Amino acid sequence: AESCLRPQGSNVERIDYIAKADGRLTVSGAPAGYDAWLTAEAARRRGGSVLFVASDEAQAAALSAAVAFFAPDIRQLPFPAWDCLPYDRVSPKPDVESARLATLAALAKGLKGPVVIVTSIAALLQRVPPRAAIAEASFSARVGEEVERDALVAFLAGNGYARAGTVRDPGDFALRGGIVDLWPPGTDEPMRLDFFGETLDAIR
């Protein structure tokens with residue numbers, strides 16, 4: 001279902017209508033910044049996820065910054081478009097791939113609470129792996145538990161991580177004796193897994 005709403009009536013009526021609307025909703029005639037505030041308020045009042053589809057990546061970036069300003073407490077999930085053409089000789093940048101995979105993984109696990117997913121038309125037109133493949137592509141490790149390092153390395157290699165001498169970009173991993181360095185998609189900084197034998201001693 002799709003409906004169209006023009007900014008008229010009271011703010012409370014508009015926000016309640018948008019928050020309760022199911023399916024797609026087009027808001028037209030909204031001034032810059034107002035769309036971000038409406039998106040954040042809709043997510044807050046729904047207590048669930050709201051998908052904002054921008055016309056391009058520049059509008060998506062502006063919307064994301066505005067949502068962070070109006071509602072810094074609301075979680076945002078970016079879903080950017082590739083920065084290269086399909087079948088091009090170059091691959092998307094690691095940070096773009098990481099952001100897309102992190103959002104897909106969060107969606108596969110299920111979202112709780114107010115969340116704003118920011119994407120663009122170009123990003124939505126690009127194919128993604130099946131939901132089942134994303135949901136199964138995870139590896140769990142806790143401090144104090146025994147972890148098979150060979151299984152961890154096989155998982156990283158089989159899920160698109162690149163082995164490197166030094167971890168510099170999302171999607172890299174490196175092995176140094178009892179230490180495994182890796183940079184999972186969607187995290188701001190890399191991680192260091194410190195092993196004592198087969199036991200995961202620390203995560204830094």
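Biologist: Which strand does Leu51 lie in?
Modeller: Leu51 is in strand E3. Bear in mind that this is a predicted model.

Biologist: Is Leu51 buried, partly exposed or exposed?
Modeller: Leu51 is partly exposed, because its relative accessibility is 49% and exposed would need over 50%.

Biologist: Which residues make the nonpolar surface patch?
Modeller: Leu51, Val53, Ile121, Leu124 and Leu125 make a patch of about 480 Å². Strand E3 (49-54) and helix H5 (121-125) are the elements that give two or more residues to the patch.

Biologist: Which element gives the most?
Modeller: H5, with three residues.

Biologist: Switching to H2. What should its residues span?
Modeller: Helix H2 covers residues 34-46, 13 residues in total, and at 1.5 Å a residue it should span 18 Å. The end C-alpha atoms are 18 Å apart, so the model agrees with that expectation.

Biologist: Which H2 residues are buried?
Modeller: Tyr34, Ala36, Leu38, Thr39, Ala40, Glu41, Ala42 and Ala43.

Biologist: And what follows H2?
Modeller: Gly47 follows H2, and its phi is positive, near 70°.

Biologist: How many salt bridges does the structure hold?
Modeller: Six. One of them pairs Arg44 with Asp73, with the closest N and O atoms 2.9 Å apart.

Biologist: Where do Arg44 and Asp73 lie?
Modeller: Arg44 lies in helix H2, while Asp73 is in the loop between helix H3 (57-70) and strand E4 (75-79). The two parts are 29 residues apart in sequence, so the pair ties them together.

Biologist: Are those two buried or exposed?
Modeller: Arg44 is partly exposed, at a relative accessible area of 34%. Asp73 counts as exposed, at 56% relative accessibility.

Biologist: What does Arg192 meet in a salt bridge?
Modeller: Its partner is Asp181, at 2.7 Å from N to O. Arg192 sits in strand E9 (residues 191-196) and Asp181 in strand E8 (residues 179-182), eleven residues apart, so the pair links distant parts of the chain. Asp181 is buried, with a relative accessible area of 8%, whereas Arg192 is partly exposed at 35% relative accessibility.

Biologist: What about Asp194?
Modeller: Asp194 forms a salt bridge with Arg204, and the closest N and O atoms are 3.3 Å apart. Asp194 is in strand E9, and Arg204 is in the segment after strand E10 (199-203), ten residues apart. Arg204 is exposed, with a relative accessible area of 58%.

Biologist: Which residues do shared partners join into one network?
Modeller: Glu41, Arg44, Arg45 and Asp73, through salt bridges that share partners.

Definitions and conventions
Residues are numbered from 1 along each chain as its sequence is written. This is a predicted model: local features need pLDDT of at least 70, side-chain atom pairs count only at pLDDT 80 or more; totals for chains, interfaces and linings use all residues. Side-chain values use heavy atoms; hydrogens and water are left out. Patches are made of residues with over 30% relative accessible area and no salt bridge: like charges are joined within 9 Å, nonpolar side chains (Val, Leu, Ile, Met, Phe, Trp, Tyr) within 5 Å. Accessible areas come from the Shrake-Rupley method with a 1.4 Å probe; for residues, only the protein chains shown count as cover. A salt bridge is a side-chain nitrogen of Lys or Arg within 4 Å of a carboxyl oxygen of Asp or Glu. Helices (H or I, at least four residues) and strands (E, at least two) are DSSP runs, numbered from the N terminus. Buried means under 20% relative accessible area, exposed over 50%, partly exposed in between (1.4 Å probe, protein chains only). The expected span of a helix is 1.5 Å times one less than its number of residues.
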